[in-house]
Amino acid sequence: MPPKFKRHLNDDEVTGSVKSERRNLLEEDSDEEEDFFLRGPSGPRFGPRNDKIRHVQNQVDEVIDVMQENITKVIERGERLDDLQDKSEELSDNATAFSNRAKQLRRQMWWRGCKMKAIIALVAVILLLVIIVPIVLKYHT
């Protein structure tokens, strides 16, 4: 660095200059935005507003928690509905199989009943023939 730019300052001069610069910045035409950035959010003007922001942030956090719980419940409900739908389809398939088996069994029982009636009728005819044929042959001779 050239010698004309080198200047030796002591600590008091540096500190004093920083303080005076800050004071000049704060005293001159400052609006709320500049005050916020220069003084920080804990400045006297922003106390109640900061509380409101914190309160609103807490409410937002609560809403986020509630929504996350709701989303979890909806996902669980969807899973239960999928399980219920699977069980419902399985029950419907079982009901169809039961109905088909019942129709088949009904037909089998109907044929069995018809066979029994036919056998009883045949036995009755044979008995009648055994009884009537000798009587008719006896009177015919």
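Which residues make the nonpolar surface patch of about 910 Å²?

## Nonpolar surface patch

The patch is formed by Leu 122, Ile 126, Leu 128, Val 130, Ile 131, Ile 132, Ile 135, Val 136 and Tyr 139. Patch members have over 30% relative accessible area and no salt bridge, with nonpolar side chains (Val, Leu, Ile, Met, Phe, Trp, Tyr) joined within 5 Å and like charges within 9 Å. Areas follow the Shrake-Rupley method with a 1.4 Å probe, and for residues only the protein chains shown count as cover.

One of these residues, Val 130, belongs to helix 3, which spans residues 47-140. Val 130 has 53% relative accessibility and counts as exposed (exposed is over 50%, buried under 20%, partly exposed in between; 1.4 Å probe, protein chains only). Helices are DSSP runs (H or I, at least four residues) numbered from the N terminus.

## Basis of the model

This is a predicted model, in which local features need pLDDT of at least 70 and side-chain atom pairs count only at pLDDT 80 or more, while totals for chains, interfaces and linings use all residues. Residues are numbered from 1 along each chain as its sequence is written, and side-chain values use heavy atoms, leaving out hydrogens and water.

## Salt bridge

The structure holds one salt bridge (a side-chain nitrogen of Lys or Arg within 4 Å of a carboxyl oxygen of Asp or Glu). Arg 54 pairs with Asp 51, with 3.3 Å between the closest N and O atoms. Both residues lie in helix 3, three residues apart, about one turn of the helix. Arg 54 is partly exposed at 49% relative accessibility, as is Asp 51 at 45%.

Conventions:
Helices (H or I, at least four residues) and strands (E, at least two) are DSSP runs, numbered from the N terminus.
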